[in-house]
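The following exercises are to be worked through with the sequence and the structure in view. Each task is followed by a solution in steps.

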Amino acid sequence: MTGSTRRGDAGAAVVAGWCAVAFGAAVVAAGLTGGIGPESVPLDLAATLTRAAADLAALLVAGAALAMLLAPGRVPGADRVLIVAVPAWAAVLLVEALVRAAIMVGVPPAAVRPADVAGYLTGPAAGTGLALAGTATVLLLGCVAGRPAGTGHGPGPAVLVLLVAIAGAAAPAALGHAAASANAAIAVPGVVLHVTAALLWIGGLGAVLLLSRDPALLAVALPRFSRLAGWSVLVLAVSGLLAATARLGSPAELVGGAYGGLLLAKIVLLAGAAALGGLTRRRLRSGRVPVLAWAGIEIVLLVAAVGAAATLSHTG
């Protein structure tokens, strides 16, 4: 086994571990908030897992685009990530549409008709959000098919890929509970900003961890990501407060129910990740090599928060 093959296998194992953490957090959150009911466990579980999988696919796409932006022209592997992640995201959204249509009409997935799926995608606001996310993946498939303009630039312009990925990831959340809230004028922009900041922070951190195998690339990418992460954390905190108005009537509800408790747990996870990120940035400013193992713990906390958020934005 060659060195590059071993590194590839190790990277795949790390990504699989992050996915397992996110899926586990999503299932726990759904169970505690009533998203998995005793009478429809298989369908509710499938809806929970497909939503978490869609969010993770969006993170992979955003991370690949950010890798190209953080180290321009020097990350030829980013296009290979997009070639896998974009079709995977599209496929997961198709499965999620099927599952949610089955829940809406009250039949097993095998009995769902194309008209049922179309009815879900064009009916409730959450379905429209899923349709918009699917449209984003179609646009991203066009970027992938366009192939790179030069070595290391990846399929399509990286900025365009990132913007479309953000739009696709934000649409289901923005048109879910946030759009139905009495405070939708505040909650919807808050959710969009929240998703954007999360993609930039988590996707960028994942990109940095993958680039860390090459010290030269890391030296270029890490200072840029440090600035991006600082702003992302600030936007994430402020937008999270705005988005919470879609579900909480008062701060007391943070400790008065399952949803509030899980939202509080998500806040703790994000705060812990931000603290680790701040420590890394302080080491960077002092000229010391950042502790990348701590960055690994940071992303574990973040993907756990992603898993919880996948459920919190659709159930409760």
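**Exercise 1.** Is Asp55 buried or exposed?

*Solution.* This is a predicted model, in which local features need pLDDT of at least 70, side-chain atom pairs count only at pLDDT 80 or more, and totals for chains, interfaces and linings use all residues. Residues are numbered from 1 along each chain as its sequence is written, and side-chain values use heavy atoms, with hydrogens and water left out. Buried means under 20% relative accessible area, exposed over 50%, and partly exposed in between (1.4 Å probe, protein chains only). Asp55 has a relative accessible area of 18% and is therefore buried.

**Exercise 2.** Identify the salt bridges that Arg51 forms, and follow the network from there.

*Solution.* A salt bridge is a side-chain nitrogen of Lys or Arg within 4 Å of a carboxyl oxygen of Asp or Glu.

Step 1. Arg51 pairs with Asp55, with 3.0 Å between the closest N and O atoms. Both residues belong to helix α2, 4 residues apart, about one turn of the helix. Helices here are DSSP runs (H or I, at least four residues), numbered from the N terminus.

Step 2. Arg51 also meets Glu96 in a salt bridge of 2.8 Å, N to O. This pair links distant parts of the chain, since Glu96 lies in helix α3 (residues 78-105) and Arg51 in helix α2, 45 residues apart.

Step 3. Glu96 forms a salt bridge with Arg100 as well, the closest N and O atoms being 2.9 Å apart. Through shared partners, Arg51, Asp55, Glu96 and Arg100 are joined into one network.

Step 4. Arg51 is buried because its relative accessible area is 4%. Glu96 counts as buried because its relative accessibility is 1%.

**Exercise 3.** Describe the surroundings of Thr50.

*Solution.* Thr50 is found in helix α2. Its relative accessible area is 11%, so Thr50 is buried. Leaving aside residues up to four places away in sequence, Thr50 touches Val92, Val95 and Glu96, where contact means heavy atoms within 4.5 Å.

Note on methods:
Helix = DSSP H or I, 4+ residues; strand = E, 2+ residues; numbered from the N terminus.
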